[in-house]
Amino acid sequence: MADGCHDIHRQLDLSGEPLMPPLRKDFQLRDPLPLLEYQDFTIQGKAYNETYSDYWNSTSSGDGRIVDAFIMPVAPNAAVIPGKYSYGAYTEPINLLDYSAVVIPVTKAEKSIDKFDHDYQPMNGADRKTWEAYDPETYDGAPVGLQIVGRKWDEEKIWAISKIIDTALRAAAR
């Protein structure tokens, strides 16, 4: 987006596809970032990467082996309803750190189990928006995913780990 979203719009123009309505505000055309501002963001990103790399290295156990991957939600809800996705906090840090990630389906929402909790008290505005968007009828049967996350350049390792997890989940479901 440093180029003011011009490349995104050039690609959309080639395909003839419109920009999805929920993304129009974030991806509207604008002036490119000034070089020094872009450089500052790049330096900040590198600092985040170094900090998290140091943290990851600190997970080493007594045998010197570090954590290969971790599992986390991909979203606070089941599959995205177009125009209703408003919370990217599960994926944005992974993108910022340029980590490798694979998303796998682990279950499906079931209206008979995943009922709307009228007594729930949202923790903040983002939580309220997500909670209010939930409708058991709409989400019934929608896939729920998890992401398996690894370090930068570990795409093949994360792919292999995700295949093992997916195979285990499928075997457990039988």
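There are seven salt bridges in this structure, a salt bridge being a side-chain nitrogen of Lys or Arg within 4 Å of a carboxyl oxygen of Asp or Glu. Side chains of opposite charge can pair when their charged atoms come close.

Two notes on where this comes from. The model is predicted, and local features need pLDDT of at least 70, side-chain atom pairs count only at pLDDT 80 or more, while totals for chains, interfaces and linings use all residues. Residues are numbered from 1 along each chain as its sequence is written, and side-chain values use heavy atoms, with hydrogens and water left out.

Start in helix H1, residues 6-15; helices are DSSP runs of H or I, at least four residues, numbered from the N terminus. Asp7 and Arg10 form a salt bridge there at 3.8 Å, N to O, and they sit three residues apart, about one turn of the helix. Asp7 has 36% relative accessibility, so it counts as partly exposed (buried is under 20% relative accessible area, exposed over 50%, partly exposed in between, with a 1.4 Å probe and protein chains only). Arg10, at 47%, is partly exposed.

Next, helix H4, residues 125-133, holds Arg128 and Glu132, four residues apart. Their side chains meet at 3.5 Å, N to O. Arg128 is partly exposed at 37%, and Glu132 is exposed at 52%.

In helix H6, residues 155-173, Asp166 and Arg170 are four residues apart, and their salt bridge spans 2.8 Å, N to O. Asp166 is buried, at 18%.

Last, a network of salt bridges links Asp68, Asp154 and Lys157.

Methods. Helix = DSSP H or I, 4+ residues; strand = E, 2+ residues; numbered from the N terminus.
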